Amino acid sequence: MKKKNAFTLAEVLITLGIIGVIASMTLPTLVQNNKNKEVEAKLKKVYSLMNQAILMSEKDNGPKEYWNFSCTPDEDGNVNADECKNGMEKYFLPYLKYTKAENFENSLGFNTAVYFSDGSILVGKINKGNVSGLDFFFYPNGKNFSSDKFGSTSSDGTQSREDCGITFFAFRFSPSDTTTYNKFHYRKGFEPYKFKLNELSVDEMTGSDEYACTKDATVKVWCTVLIQLNGWQIPKDYPFKVK
């Protein structure tokens, strides 16, 4: 009889084991790369969407530099909630396609969460006080958003945004503020959060400031501009795994 060549059971098990080890090493990287691509696409999309909405709104409401977002307290320290919410409802919502919008308030300001059909959520925050613009926080995956945890503060009362640059990304709209800290937002539209930056350099955005895109920073709002400057792609040395 002619002898047939075949793998032994031990050889098959060893081969399967090697394949399993390789898969366990490469699969997490593939999954994270796919998540990166999703986040990158949605960041680029919301950036375009919001700036298109601003252009349309200017046709009805005049130049963006003169839009009013004031939440000025009265003599007793109280603010008019309707006045504060008016900024989002007047200047932005009529020019966006969304599934629903919800208002909620916390210690940091009056907020409007805008839900989009692709599962993402954009939160516009109007600070309590006489302000000239809005802070925006974009969640590519809306499941990461919770109004109860949004803008939470630490035990000493300071603002903390530990998941910024991970589950959500900071933007800012402040075209009329002429202060030095706001120089990269003056006369601009919806932009990645650049407030307080002295220069648009990777060194500063990954430095020691509390706004920096680093693991030690408490606020991390400069992560969005770091991605923008890399062509809306998450840098290979990005310090976090986005979710």
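With which residue does Lys-125 form a salt bridge? In this predicted model, the partner is Asp-135, and the closest N and O atoms of the two lie 3.6 Å apart. The pair links distant parts of the chain: Lys-125 sits in strand E3 (residues 121–127), while Asp-135 belongs to strand E4 (residues 134–139), ten residues apart. Both Lys-125 and Asp-135 are buried.

Met-88 is found in helix H2 (residues 81–91). With a relative accessible area of 2%, Met-88 counts as buried, because buried means under 20%. Leaving aside residues up to four places away in sequence, Met-88 touches Leu-93, Pro-94, Thr-112, Val-114, Gly-124, Ile-126, Leu-134 and Phe-136.

Back to the charged pairs: the count of salt bridges comes to nine. One of them joins the side chains of Lys-64 and Glu-58, at 3.6 Å from N to O. Here Lys-64 has a relative accessibility of 13%, so this residue counts as buried too.

A further salt bridge brings together Asp-209 and Lys-196, whose closest N and O atoms are 3.5 Å apart. This pair again links distant parts of the chain, 13 residues apart: Asp-209 lies in the loop between helix H3 (202–205) and helix H4 (223–228), and Lys-196 in the loop between strand E6 (191–192) and H3. Asp-209 is partly exposed, with a relative accessible area of 24%. Finally, salt bridges that share partners join Lys-35, Glu-38 and Lys-42 into one network.

Methods: Residues numbered from 1 in each chain as written. Predicted model: local features only at pLDDT ≥ 70, side-chain atom pairs only at ≥ 80, totals over all residues. Heavy atoms only, no water. Helix = DSSP H or I, 4+ residues; strand = E, 2+ residues; numbered from the N terminus. Buried < 20%, exposed > 50% of the residue type's maximum accessible area, 1.4 Å probe, protein only. Contact = heavy atoms within 4.5 Å. Salt bridge = Lys/Arg side-chain N within 4 Å of Asp/Glu carboxyl O.
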